[in-house]
Amino acid sequence: MAKSVSQDAISTILANPSPDSSSYIPEIVVQVLDLKLTGNRYTFNASDGKMKLRAIFPSNMSSEIITGSVQNKGLVRILDYTLNDIPNKSEKYLIVTKCEVVSPALETEIKAEVETEEHDTVLKKPKLEYEARYEAKADVSGIILKPKQEIVSKSAAQIVHEQRTNMAPSSRMAMTRRVHPLVSLNPYQGNWMIKVRLTSKGNMRTYKNARGEGCVFNVELTDEDGTQIQATMFNEAARKFYEKFQLGKVYYISRGTLKVANKQFKTVQNDYEMTLNENSVVEEASNEETFIPETKFNFVPIDQLGPYVNGRELVDIIGVVQSVNPVSNIKRRIDNENIPKRDLIVADETKKTVVVSLWNELANNVGQELFDNADKSPIVAIKSLKVGDFQGVSLSTLGKSSVMINPDIPEAKKLRSWYDSEGKGSSMASIGLGLSPSSKTGARSMYTDRVSLMHITSNPSLGDEKVLLCRLKYAMIVVF
DNA sequence: CCCCCCCC
């Protein structure tokens with residue numbers, strides 16, 4: 001058999017994102033390029049000479065890679081796979097679930113067109129650190145050039161070894177020590193390291209109770225499998241890690257402790273929660289490829305907020321900012337403490353508006369930015385909002401809420417183009433004050449009273465007196 | 001060890 005790639009292999013994969021036994025898929029042989037160890041997985045570029053696709057090998061392939069049968073610039077036949085979306089990103093990546101080795105390393109990267117001119121350019125590209133070192137040693141005189149072939153025919157295991165030994169000690173540590181999946185952690189096993197994305201960050205707050213006082217903040221961590229865990233830091237640890245932890249970034253974490261999570265306060269699906277103390281190790285995994293999902297939003301359209309009123313479940317919303325109030329200070333009843341608050345009105349494609357109250361630092365920081373740019377109708381995406389019943393439906397931030405202005409996500413682009421083309425010219429009604437026939441669930445609050453009104457007014461068995469009473473109540477709410 | 005999330 002000819003040792004080459006299948007024609008249009010990448011197009012075939014893209015056209016069949018999740019093949020099953022009934023799909024007919026022609027043979028897919030690709031060249032493995034840029035094979036490297038990322039965390040605990042091997043990743044590579046699958047190439048058919050024309051197109052490339054980021055890909056990941058299954059963990060059970062690792063031994064074959066280490067023994068050298070799968071090589072960089074070698075050929076593999078992909079027997080089964082799924083094509084996965086990276087949320088909020090346009091590119092796809094290929095998860096190889098079954099494959100076999102066709103050929104060890106070829107001399108060159110396969111290109112569909114013969115590119116003699118370009119070949120020189122390729123050689124002049126900035127070299128990877130290991131390549132530069134390799135050549136520098138061989139080429140002491142500056143005359144004898146090391147054949148490129150010797151570099152390309154190195155097995156993945158060699159490359160990985162060289163990558164490790166040439167790296168900064170901290171990253172080498174991260175590569176060498178096994179990354180544990182979050183599901184494998186428990187309170188009884190201490191020596192682990194995880195690689196996680198920070199998918200939620202609470203604000204720092206102080207507390208005072210019978211057991212003492214201090215400061216605390218919580219984060220939510222997500223790993224490559226999508227498993228989540230909440231981690232808590234107190235006092236010294238809270239101060240040490242508060243700035244270091246940034247929403248959306250990826251970290252290696254070790255030396256934390258696990259305990260059984262309190263069901264009552266659980267915000268993620270995990271039997272355990274993590275505590276990090278001042279001796280825990282948190283290291284950012286910067287400039288590294290990773291397949292950990294990005295922070296995921298579950299946007300609820302404004303006209304669908306009804307069922308969430310006064311519920312425990314939090315919502316994410318995305319909308320166009322219609323207006324922003326100045327900050328006001330609210331005196332908390334229980335202890336007379338002043339808390340900054342700023343209200344804004346947002347609208348979305350359902351042509352409904354809702355009032356969102358930003359509290360504490362969100363009112364001051366991101367709130368001020370919104371205030372200053374209110375005339376530009378920015379898009380806001382807000383994660384983890386509580387849905388209250390003030391004026392029917394109201395939204396409020398919590399400590400763990402986050403506000404993103406003009407986020408680079410498809411939903412924001414869609415909303416922007418809708419608003420610019422037709423939204424800004426159309427009339428919008430407040431979800432709180434308007435009747436919303438689509439939302440009939442929920443059992444209390446003024447909002448539900450008005451839903452009941454609709455049922456009653458459309459029920460012929462009721463007397464005029466009751467209908468009038470309900471109409472009166474509705475009228476009063478509107479007047480308010 | 002927190003677990004509150006405020007006001008009209």
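What you have open is a predicted model, in which local features need pLDDT of at least 70 and side-chain atom pairs count only at pLDDT 80 or more, while totals for chains, interfaces and linings use all residues. Residues are numbered from 1 along each chain as its sequence is written, chains are lettered from A and ligands numbered from 1 in the order in which they are written, and side-chain values use heavy atoms, with hydrogens and water left out.

**Stop 1: isoleucine 330 and isoleucine 339**

Isoleucine 330 is partly exposed, with a relative accessible area of 30%; buried means under 20% relative accessible area, exposed means over 50%, and partly exposed lies in between, using a 1.4 Å probe and protein chains only. Show its surroundings next: not counting residues up to four places away in sequence, isoleucine 330 touches Glu337, Asn338, Ile339, Lys341 and Trp359, where contact means heavy atoms within 4.5 Å. If you draw a line between the C-alpha atoms of isoleucine 330 and tryptophan 359, it spans 9.5 Å, although the two residues are 29 residues apart along the chain.

Now move to isoleucine 339, which lies in strand β16. Is isoleucine 339 buried or exposed? It counts as buried, because its relative accessibility is 11%. With neighbours within four places in sequence left aside, isoleucine 339 is in contact with Ser328, Asn329, Ile330, Arg332, Trp359 and Asn360. Its C-alpha atom is separated by 9.9 Å from that of valine 327, a residue 12 places away along the chain.

**Stop 2: the largest nonpolar core**

Select Leu305, Val346, Val354, Val356, Leu358 and Leu395, which are the residues with the most contacts inside the largest nonpolar core, a set of 26 residues. A nonpolar core is a set of buried Ala, Val, Leu, Ile, Met, Phe, Trp, Tyr and Cys residues joined through side-chain atoms within 4.5 Å. To see where the core comes from, colour the elements that give two or more residues to it: the strands β14 (315-324), β16 (338-347), β17 (352-359), β18 (379-388) and β19 (394-405), together with the helix α9 (361-372).

Then centre the view on leucine 358, which, apart from neighbours within four places in sequence, is in contact with Pro340, Lys341, Arg342, Leu344, Ala363, Val366, Gly367, Leu370, Thr397 and Val403.

**Stop 3: salt bridges**

How many salt bridges are there in this model? The count comes to 16, when a salt bridge is taken as a side-chain nitrogen of Lys or Arg within 4 Å of a carboxyl oxygen of Asp or Glu. Select lysine 383 and aspartate 316, which form one of them, with their closest N and O atoms 3.3 Å apart. Lysine 383 lies in strand β18 and aspartate 316 in strand β14, so this pair ties together parts that are 67 residues apart in sequence. Both lysine 383 and aspartate 316 are buried.

For another pair, select lysine 413 and aspartate 408, which form a salt bridge with the closest N and O atoms 2.9 Å apart, and which are both exposed. Arginine 332 and aspartate 335 also meet in a salt bridge, at 2.8 Å from N to O; arginine 332 is partly exposed at 35% relative accessible area, and aspartate 335 is partly exposed at 40%. Finally, display Glu27, Arg77 and Glu100, which are linked in a network of salt bridges.

**Stop 4**

Select aspartate 34 in strand β1, residues 29-38. Its phi is near 55 degrees, a positive value in a residue other than glycine, and aspartate 34 is partly exposed, with a relative accessible area of 41%. Glutamine 391, in the loop between β18 and β19, also has phi near 55 degrees, and it counts as partly exposed at 37% relative accessibility.

**Last stop: the whole chain**

Zoom out to see chain A, which has 12 helices and 20 strands. Of its 480 residues, 42% count as buried. Among contacts between residues at least 6 apart in sequence, 62% join residues at least 24 apart.

Terms used. Helix = DSSP H or I, 4+ residues; strand = E, 2+ residues; numbered from the N terminus.
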